Number of protein chains: 2
Amino acid sequence: MDLKQIAKDTAKVLISYLTYQAVRTVIAQLDETDPPRSLWLQRFSTKERVQDGERYIQELFPEKPDLAFRILTVREHLAGQICEFLPEMVNSGIQQSNMEHRRRQLERMTQYDPSPSGSHPEQSASSETENPS
Amino acid sequence: MDLKQIAKDTAKVLISYLTYQAVRTVIAQLDETDPPRSLWLQRFSTKERVQDGERYIQELFPEKPDLAFRILTVREHLAGQICEFLPEMVNSGIQQSNMEHRRRQLERMTQYDPSPSGSHPEQSASSETENPS
């Protein structure tokens with residue numbers, strides 16, 4: 001498990017996602033101030049294009065440099081506002097979701113076995129992982 | 001700009017991405033200890049399926065509960081190891097990338113205009129954003 005590489009890749013995905021959120025934000029802002037430009041940006045921002053935030057911006061600059069500059073500013077602002085909250089949100093989100101998945105699976109397994117008292121139902125299924133504590 | 005909603009959506013995307021990284025990790029581990037199971041998991045983990053981490057796990061549990069439990073454990077571990085570094089990585093990553101995009105655009109604009117000394121080239125194009133400092 002190459003944690004350093006996974007962290008790098010995750011940061012890249014996150015930057016791309018925040019670029020997409022910046023695009024959505026600018027589209028919404030333009031929708032109120034300059035609807036034709038909002039429509040232009042919506043059409044430019046195809047699903048395929050916004051998948052890769054860096055390439056998206058590279059392609060936008062020759063077309064509408066002012067919008068590209070604006071998206072850069074918005075994504076930097078977004079990152080500054082929300083990044084610090086993400087570790088806590090993600091860690092607790094995963095813990096809660098994991099608990100929920102385990103609970104559901106436990107219910108499923110006890111439904112299949114009418115007398116689950118003989119063995120801990122999670123034990124056999126999790127033999128490849130650590131023992132549930 | 002609904003920062004709270006954007007933070008929630010971003011955390012969800014991040015959880016899904018870490019689930020995908022956990023799947024990749026388990027596939028690589030199994031590749032060394034149990035190649036047929038690795039192959040099975042590879043085939044199960046289609047691009048479409050891993051797009052939504054929660055649904056992926058829901059669908060995996062009835063098929064191979066031990067692998068599903070293992071992926072839960074790995075994604076929780078991954079999150080615990082890398083999340084704390086993400087804010088710094090993402091903030092500095094965006095700042096560096098923004099600087100690079102602005103530099104390139106500046107070069108592009110000064111190439112079009114042979115006498116850029118008359119006006120600051122970034123000024124006019126970024127009229128919709130804040131003034132560049």
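Which residues does Thr25(B) touch, not counting residues up to four places away in sequence? I looked this up before anything else. Thr25(B) touches Met1(A), Ile6(A) and Val74(B). I note here that the model is predicted.

**Entry: Thr25(B)**

I placed Thr25(B) in helix H1 of chain B. I then checked its accessibility. The relative value is 9%, so Thr25(B) counts as buried, the cut-off being under 20%. I also took one distance within chain B. The C-alpha atoms of Thr25(B) and Ile57(B) are separated by 15 Å. Along the chain, Thr25(B) and Ile57(B) are 32 residues apart.

**Entry: Tyr17(B)**

I stayed on helix H1 of chain B, where Tyr17(B) also has its place. Leaving out residues up to four places away in sequence, I found that Tyr17(B) touches Asp9(A), Thr10(A) and Val13(A). Is Tyr17(B) buried or exposed? I read 15% relative accessibility, so Tyr17(B) counts as buried. I looked up Phe69(B) as well, 52 residues from Tyr17(B) along the chain. The C-alpha atoms of Tyr17(B) and Phe69(B) are 17 Å apart.

**Entry: Ser16(B)**

I moved to Ser16(B), found in helix H1 of chain B, which covers residues 3-33. I listed its contacts, again without residues up to four places away in sequence. They are Val50(B), Gln51(B), Asp52(B) and Gly53(B). What lies 2.7 Å from a polar atom of the side chain of Ser16(B)? I found the backbone nitrogen of Gly53(B) there. At 13% relative accessibility, Ser16(B) counts as buried.

**Entry: chain A overall**

I counted the secondary structure next. Chain A has seven helices and zero strands. Read from the N terminus, the order is α-α-α-α-α-α-α. I noted 133 residues in chain A, of which 42% are buried. Chain A exposes about 7,500 Å². Carbon and sulfur atoms supply 49% of that area. I then took the contacts in chain A with a separation of 6 or more. Residues 24 or more positions apart account for 47% of these.

**Entry: the A/B interface**

I went on to the polar side of the interface. I found 14 residue pairs in polar contact across it, both residues at pLDDT 80 or more. I then asked which elements of chain A touch chain B.

I looked at one of them, which joins the side chains of Glu76(A) and Arg102(B). Its N to O distance is 3.9 Å.

**Entry: salt bridges within chains**

Side chains of opposite charge can pair when their charged atoms come close. I searched the whole structure and got 18 salt bridges over all chains. I looked up several.

Arg37(A) counts as buried at 17% relative accessibility. Asp34(A) is partly exposed, at 27%.

Also in chain A, Arg55(A) forms a salt bridge with Glu59(A). The closest N and O atoms of this pair are 3.6 Å apart. Where do Arg55(A) and Glu59(A) lie? I placed both in helix H4 of chain A, four residues apart, about one turn of the helix. Arg55(A) counts as partly exposed at 42%. Glu59(A) counts as partly exposed at 31%.

I ended with a network in chain A. Salt bridges that share partners join Glu100(A), Arg103(A), Arg104(A) and Glu107(A).

Methods: Residues are numbered from 1 along each chain as its sequence is written. Chains are lettered from A and ligands numbered from 1 in the order in which they are written. This is a predicted model: local features need pLDDT of at least 70, side-chain atom pairs count only at pLDDT 80 or more; totals for chains, interfaces and linings use all residues. Side-chain values use heavy atoms; hydrogens and water are left out. Helices (H or I, at least four residues) and strands (E, at least two) are DSSP runs, numbered from the N terminus. Buried means under 20% relative accessible area, exposed over 50%, partly exposed in between (1.4 Å probe, protein chains only). Contact means heavy atoms within 4.5 Å. Accessible areas come from the Shrake-Rupley method with a 1.4 Å probe; for residues, only the protein chains shown count as cover. A salt bridge is a side-chain nitrogen of Lys or Arg within 4 Å of a carboxyl oxygen of Asp or Glu. A polar contact is a pair of N or O atoms within 3.5 Å; within protein, one must be able to donate a hydrogen and the other to accept it, and residues adjacent in sequence count only if both atoms are side-chain atoms.
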